[in-house]
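Please look over the sequence and the structure before reading on.

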Amino acid sequence: MRRARLPWRAIGVGAGGLLVIAFCLAPFYWMVVSSLRAPHAIFENSLLPSTLSLENYRAIFGSRNSFAWALRNSVVIATTTTAVAMVLGALPAYAIVRLRFRGKLLLLVAVLVTARFPGVAIVTPLFETFADLGWIDRYPAMIVPDVAFALPLTIWVLTSFLAEMPWDLAGAAQVDGCTPGQAFRTVILPLAAPGVFTAAILVFIYAWNEYLVASVMSQTLASQPVTVAIAKFTGESQFQQPFGTRMAAGVVVTVPLVALVLLFQRRIVAGLTAGALKG
Amino acid sequence: MSSSRPRPAAERAARGGRRSDGPLALWLTLPTLVVLGLVVGYPVARACYRSLFDDPITVAPHFVGLANYAAALASVEFRAALVVTLFFTVVSVALEIVLGFAMALVMHREMRGRGWIRAAILVPWAIPTAVTAVLWSWMLQPAGIVNHLLGANILWTASAWPAKLAIVIADVWKTAPFVALLLLAGLELIPDELYEAAKLDGAGARQRFATITLPLVRRALLVAVLFRVLDVLRIYDLPALLTGGANDTTTLSLLVVRATIGNLQPGYGSALSTLTSVLILVVGIAFVRALGVDLMAAPAEEKG
């Protein structure tokens, strides 16, 4: 009886797995396929393009849309945000895990509240402040808010990673004659690297994907990141929606993220679920 | 305060016997506090202050007390945005939890290709929301693939209910996988022995799900619901890019941006944004209160 049922269950689970993959990847696949269609064939609904065409990719890097500029802006904004957030976030994370001080809970609550605060409540007063500083349409107007919104994530992930570290080892190394600095460099830092790396991936993806702040602060190609640029793409005529070029741009923007996801899926999952579930 | 609680002597010894590391802790947290204060605290205070003044075009703003709040609360647009936002919150989160739970249960099974499923599930999460919006607006075109597959002729973003549905679909596609990951992590914490014991005791699959899986995954479930509810309450990118707020899809966030930036009414807009923030704060606090304070447990206190 039980033996007869087993293969059916396995088939059911396998079918469930395929369904999950299809649900997640079908729209992404459609973006790739649409981007490879010739502009006149964009409304074809065949599973494969009838003629493979790189016309859409040529168009996004052509003079009309200058997507390369937006890519450069996104790279600068996301990498700077990540670097600053790591340095700033590692300090309180260390303090939360290793030090005893009053106001720890308050700090954590402040960090949690910031993480879920509605960006629209901040964006207008920030715009006015940045306008006074002459920052509009310049990188700092996006990097500074991105850092602030990425800090909670950074602190959260780093704290949960640091809490799991064998801190006694550093003490043991000091007993064996290491200076505190040496113990930190040779024991703690190598062990902490994976956690920092995980946090860095998550913050980079966050900053790369940010839209609201950038849509308000950036005005021209000088600072517009990819998320804003894609939405503002223009077609051949003012009445034509440029879906082919948008799909191509979407692929270009998403491929680095998909590569990150494939390479570091274990770390990303660990980072996403860190802290939220243990205890 | 958690830090004032006495700790076991052994733990204190392990930490080098220091009583309090106040000064060092202050220096380590100061940069973060300054950044959060300047980028979040100051603008919030500025918006609260600005919300007490009117929006004349040529002269300097006058102090009007809570008039902007009264106007906002009485306005049709605020009520409509509130209803739409709550609609998205309830419908999207419910669908995401159900779908995410189903996906997590599938991924929890031993099978070949688990790594592939996990990689696939991260793709919607990793795609920028702006790209998600553009992608779904393409698929939901009148002559697009969704209508083609459905054999229907729906004008997705051009009429009220389909426009709402379009936003729900895009949001569920993007975040149900994230919910699945949170729930999967919760499922993996449940020891297999429990299921074995229940099986020996003759519990059926449905019984095991109801008496073991559901209660033990509760915390992960609550965290997922809380995160998603607070996220959808401030939803901006998807409606802004998919419908532009047309056809009764203007959420609170969209309304705030339209009032402050589009209509140049910083006073009225600031009142709207304060109301939105208060709503999110109240929902968050109510949620945590109603469903257990353990959600807020500090990570540093989470041992074992």
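B:Leu122 has a relative accessibility of 0%, so it counts as buried. The model in which this residue sits is a predicted one. B:Leu122 belongs to helix α5 of chain B, which covers residues 114–126.

What does B:Leu122 touch, once residues up to four places away in sequence are set aside? Its contacts in chain A are A:Val261, A:Gln265, A:Ile268, A:Val269 and A:Leu272, and in chain B it touches B:Leu181. A further pairing concerns B:Pro177: this residue is 55 residues from B:Leu122 in sequence, but the two C-alpha atoms are 6.9 Å apart in space.

**The nonpolar cores**

B:Leu122 is also part of the largest nonpolar core, which has 122 residues. Together with A:Phe67, B:Ile121 and B:Trp125, B:Leu122 is among the residues with the most contacts inside that core. Helix α8 of chain B gives the most to this core, namely 15 residues. Another core lies apart from it and has 43 residues, including A:Leu88, A:Ala121, A:Phe130 and A:Ala141.

**Chain B as a whole**

The secondary structure of chain B consists of 14 helices and 0 strands. Chain B has 304 residues, and 51% of them are buried. Contacts in chain B between residues at least 6 apart in sequence can also be sorted by separation: 68% of them join residues at least 24 apart.

**Selected residues and their exposure**

| Residue | Relative accessible area | Class |
|---|---|---|
| B:Leu122 | 0% | buried |
| B:Thr276 | 2% | buried |
| B:Asn247 | 29% | partly exposed |
| A:Leu47 | 60% | exposed |
| B:Leu264 | 66% | exposed |

B:Thr276 lies in helix α14 of chain B, residues 266–291. Is B:Thr276 buried or exposed? Its relative accessibility is 2%, and the limit for buried is under 20%, so B:Thr276 counts as buried. The side chain of B:Thr276 reaches the backbone oxygen of B:Leu272 at 2.9 Å. Leaving out residues up to four places away in sequence, B:Thr276 touches B:Leu252 and B:Val256.

B:Asn247 is in the loop between α12 and α13 of chain B, where α13 spans 252–262. Its phi is positive, about 55°, although B:Asn247 is not a glycine. With a relative accessible area of 29%, B:Asn247 falls between the limits of 20% and 50%, and it is therefore partly exposed.

B:Leu264 is placed in the loop between α13 and α14 of chain B. It is likewise a residue other than glycine with a positive phi, in this case near 50°. B:Leu264 has a relative accessible area of 66%, which is over 50%, so it is exposed.

In chain A, A:Leu47 is found in the loop between α1 (2–35) and α2 (55–60). At 60% relative accessibility, A:Leu47 is over the 50% limit and therefore counts as exposed. Not counting residues up to four places away in sequence, A:Leu47 touches A:Tyr29 and A:Val33. A:Leu47 and A:Leu108 are 61 residues apart along the chain, and their C-alpha atoms are separated by 49 Å.

**Enclosed space**

Rolling a probe the size of a water molecule over the atoms shows where empty space is left. How many cavities of 30 Å³ or more are there? The count comes to 3. The largest cavity has a volume of about 1,300 Å³. It is lined by 42 residues, of which A:Ala115, A:Arg116, A:Tyr206, B:Asp231 and B:Arg234 are the closest to its centre.

Both chains take part in this lining. Chain A has α4 (104–115), α6 (140–162), α8 (180–209), α9 (212–217) and α12 (265–273) among the helices that each supply at least two lining residues, and chain B has α8 (160–188), α11 (218–233) and α12 (237–242). The largest share, 6 residues, comes from α6 of chain A. Sorted by class, the lining of the largest cavity has 28 nonpolar, 6 polar and 8 charged residues.

Note on methods
Residues numbered from 1 in each chain as written. Chains lettered and ligands numbered in written order. Predicted model: local features only at pLDDT ≥ 70, side-chain atom pairs only at ≥ 80, totals over all residues. Heavy atoms only, no water. 1 Å grid on protein atoms, 1.4 Å probe; cavity = no way out; pocket = protein on both sides within 12 Å on 5 of 7 lines; lining within 4 Å. Points joined across faces, edges and corners; volume = space filled by probe spheres on them. Helix = DSSP H or I, 4+ residues; strand = E, 2+ residues; numbered from the N terminus. Nonpolar A, V, L, I, M, F, W, Y, C, P; charged D, E, K, R; others polar. Buried < 20%, exposed > 50% of the residue type's maximum accessible area, 1.4 Å probe, protein only. Polar contact = N/O pair within 3.5 Å; in protein donor to acceptor, adjacent residues only side chain to side chain. Contact = heavy atoms within 4.5 Å. Core = buried A, V, L, I, M, F, W, Y, C linked by side-chain atoms within 4.5 Å.
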